[in-house]
Structure formats: C-alpha cells, structure tokens
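Subject: Structure handover

Hello,

Here is the structure for you to look over. My notes on its rings and cavities follow below.

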Amino acid sequence: MRITGGKRWFVVALCALMAGVMVYVPFLRYSYYDQMCILFTEYKQVVSADTVNSFIGNFGMAFGIVSMLGYPFGGIFADRFSEKWLLIAGGGLMGVCSFWFGMVPGKMAIIVIHLLYGVGTSFMIWSAYLKLTRKMGNAGEQGRMFSTSEFVRGVFGTLIGFAGVALLGRAALPSGELDPEILGLQWRNLMFLSGALFFLFALLVFFFVPSDVIGAETASDEAQKSFSLVNVIKVLKMPGTWLISLLIFCCFSFTSAGNGYLSAYTVNVLGISETLASTFAVVRNYIIAALMTFAIGFVSDKIGSKSKTLGIYLVIASILGVALIVTKSAVILCIMVSFLFAIVYTGMRGIYFATLNEVGIPLSMTGIATGIISMLCYLPDVYFARLAGFWIDTFGNKGYDYIWYWAIGCGILGILVAWLTYRYSIKLEKGGK
C-alpha cells in the first residue's frame, strides 16, 4: 500500500515518536549522569562510588555491543519483514525493560536490561524506522523527511526530557544536594512513564501503519522484494556504504562526547548544580537538537549536498571542541561555547541517512544498507562510554580534556571523509547514476 498526502507526514511523525523514546531511554546518562551516580551508590548500593563511572560505561558498552552486532540483522529484517511488526515488537520489548529498570535492580540486571535495549533498538526498531521514513518521500524530499523526523524526535525529547528534570528535581534539598530516597522514587516514575510511552506508540503503529507499505518511488511489483545474499554483497561492494559509514562515525563521535559528557563536565569542571546541568542538557540535547536537525535539511538543500554540509559542520564542531578546552577557566564563556557546540553537533544528526541517495544506494536495499552502516558508524556506542568512564575515574577532571581531544581528532578525520564523499557523489552524478 502506498501512503500519500498528509498521512505520509503522520507516519513520519509517529515513527519518530517511537524512535524518540528508543534513543532517550538507553542514553539517560546523557541528561541525568550525576543523578544516576547517586542512584547507583546511595539510593541502592549497586556499585561503589569509586567505580560508578566505569559501571555506567559498562552498561553503555553492553548496549553498544549488542546494537553493533544487531544492526546488520535489523537491516535484513527490515528488508525481509513488515516494518510495522518490527516496530511493535521492539516497542513492547523496550517497554517491559523500562518498567524493570525503574525498579533499580542489581548490577547484572541493569546490564541485562541494556543488552535487551540493544536488541529492541538494533534488531527491531532502528532500520525499520529508517526504511519507513525513507519510503514516505521521493529522492528530492529525503532531506526534509529525515530532518522533519529528527525535529519531531527533538520536540518530543524536549517534553520527556523536561519531565525527567521535573521529576528528578523533586529530590533536590534546600542545600542543593539530592535526597537519594526521593530520587529513587522519581526515577521509578520516569521509567514507568517511558515504558508506558513505548506501549502507547506501539499501539498507534498497530492501528495506523499498514503492513505492506510501498515506497513513494517504488514500483508496486518491486515493493515486496525479499532479502537476498546478493543484495548484501552489492551493498558491501558500494564505495558509498563505506564512505557514509565513516562519515557518520566521525559525526556521531561528537554526539557521544557532547551529549554524553557536557552535562557532567558543567557539574564537575564548571561547578554548576546537578539540576541546572540537567536543565541545560535537555535544552542542548532536545530543544536545540529539534531546531537544528530541522534547519539542517534546508541548509543542505541550499548548499546542494548533504556530505558537503556535514563536512562544513565538522569544521565548525572541531573548532568549538578546541574552544571548550581553552575556555574552561571562564565559566560563563565556556557555557556559551557548550551551547554553540550543541547547535552544530546536534544539527548534523538531521541528515545522517539522507545521504544514502547521494551515494547511490537504492531504496530496495535501504534495510541492509542502514544495518551495515549503523553497525559501523555507531561503534562509539560500544567503547566510548567505557573509555570515557575510565578516563574520568583515572584522571579526574582532566579526563574530560581527553574526551574533547578524541572528538576533535574524529572531526579532523571526518572533514577529509566528507570531502571524499562529496567528490564521489559528483562522480556518480556525472556518470548519470
């Protein structure tokens, strides 16, 4: 069934809402890092205070490993099965895990929860979401489809993010410290809310998304092509697959550093309270992200190339990464730099997968292509939380400098890859492909 008219945008928005919860829950450390440290050491003695950063890194790594291994299979499933049922199954699994996480179980249980989050994300939801979004528009609409999707995710993330700040903020005492018991209660409320949202969006997908969606530019007789090993080999042979994988890897490295550690950086290095830091984190990670991921679709249309746009953004992000290091002794200035930094690195996310058409990856291979690309480009989910946690536990506040050094290095590499990708897209265009 081909979806037309305004319903296309409804489906894009609905899928984005589910994807918004999907990327919110496994990455709660991005917005509530210091609250999680108290939760796991004072509310319940899950781990000791001197290893809590490494523990947070460990369950982040557990999620990342499963996700990395699962993305190719998720891509195969998206090409083989109905996107509708993959979204429903993934939403159900992650909803159950969210209720479980809300109870703040033991150390191994928290790791198992994040392993299952990885299954729901990579095997079920991610590639199905990307493929369904791509199906809603033609080649000339891909930038707008994906940037609109990211915008909806950002707006929704803002709402649930501030809900989290409001709930966890109730644990703040007049002294500015957090009451562990109240924090544990509000954590449960936040996770139960997240679990309920997963079930709600899965139910809406059940009622409003057809089982046999045909892409806007796909012939009806080609719509139901099943997965084949031949397509896997074709995707692996495409230079565009590897160029986009490395380009998004470099862009996502800034997200891992910025989203993951700017909040803790402002608390531990700049001396801001946990509640204010979480408020800033929600503004950066959701409000700014919503606006900038929406805007970049139009920016890239104006520039005329998604890869070229990402290259320009990487140049700016690298410069701002250096500025974070040199301005940390000036608190107000460093906070301003952190918001400018967020404007750039969150914006890049809006056109990650709008680049597929630019490098010649056909719609019929979107599932396996996004699976392979996601496995490679999201590798920081596997190791970076563990690595950053080790740096902070070992070197204290100096560890944050290593985080920014790593991001800057990825930015420099990404600039080169963006240039090569742009040259390759021009070559394809001239060749009439």
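**Aromatic contacts**

Tyr-33, Tyr-261, Tyr-383, Phe-384, Trp-391, Phe-395, Tyr-402, Tyr-405 and Trp-406 are joined into a cluster by ring pairs. Rings of Phe, Tyr and Trp (its six-membered ring) pair if their centres lie within 6.5 Å; planes under 30 degrees apart are stacked, over 60 edge-to-face, and the rest tilted.

Some ground rules. The model is predicted: local features need pLDDT of at least 70 and side-chain atom pairs pLDDT 80 or more, while totals for chains, interfaces and linings use all residues. Residues are numbered from 1 along each chain as its sequence is written, and side-chain values use heavy atoms, leaving out hydrogens and water.

The whole structure holds 36 aromatic pairs. One of them is Trp-126 with Phe-353, edge-to-face, at 5.9 Å centre to centre with 70° between the planes. This pair links distant parts of the chain, 227 residues apart. Trp-126 is in helix H5 (residues 107–135); Phe-353 is in the loop between helix H12 (331–348) and helix H13 (366–377). Helices are DSSP runs (H or I, at least four residues), numbered from the N terminus. Trp-126 and Phe-353 are both buried (under 20% relative accessible area, 1.4 Å probe, protein chains only).

Two charges sit over rings (NZ of Lys or CZ of Arg within 6 Å of the ring centre and within 35 degrees of the ring normal). Lys-84 has its charged end over Phe-206, 5.1 Å from the ring centre. Arg-284 does likewise over Phe-339, at 5.8 Å.

**Cavities**

How many cavities of 30 Å³ or more are there? The count is 3. A cavity is a set of points on a 1 Å grid over the protein atoms alone where a 1.4 Å probe fits but cannot get out; lining residues have an atom within 4 Å of a point. Points join across faces, edges and corners, and volume is the space filled by probe spheres set on them.

The largest cavity is about 380 Å³. It has 23 lining residues; closest to its centre are Val-23, Phe-27, Tyr-30, Arg-153 and Arg-349. Helix H1 (6–24) gives the most to this lining, with 4 residues.

The second largest cavity is about 80 Å³. Its lining includes Trp-126 and Phe-353, along with Arg-153 and Arg-349. H6 gives the most here, with 4 residues. The lining divides into 7 nonpolar, 2 polar and 3 charged residues (Ala, Val, Leu, Ile, Met, Phe, Trp, Tyr, Cys and Pro nonpolar; Asp, Glu, Lys and Arg charged; the others, Gly among them, polar).

Best wishes

Conventions: Helices (H or I, at least four residues) and strands (E, at least two) are DSSP runs, numbered from the N terminus. Buried means under 20% relative accessible area, exposed over 50%, partly exposed in between (1.4 Å probe, protein chains only). On a 1 Å grid over the protein atoms alone, a cavity is a set of points where a 1.4 Å probe fits but cannot get out, and a pocket is an open set with protein on both sides within 12 Å along at least five of seven lines; lining residues have an atom within 4 Å of a point.
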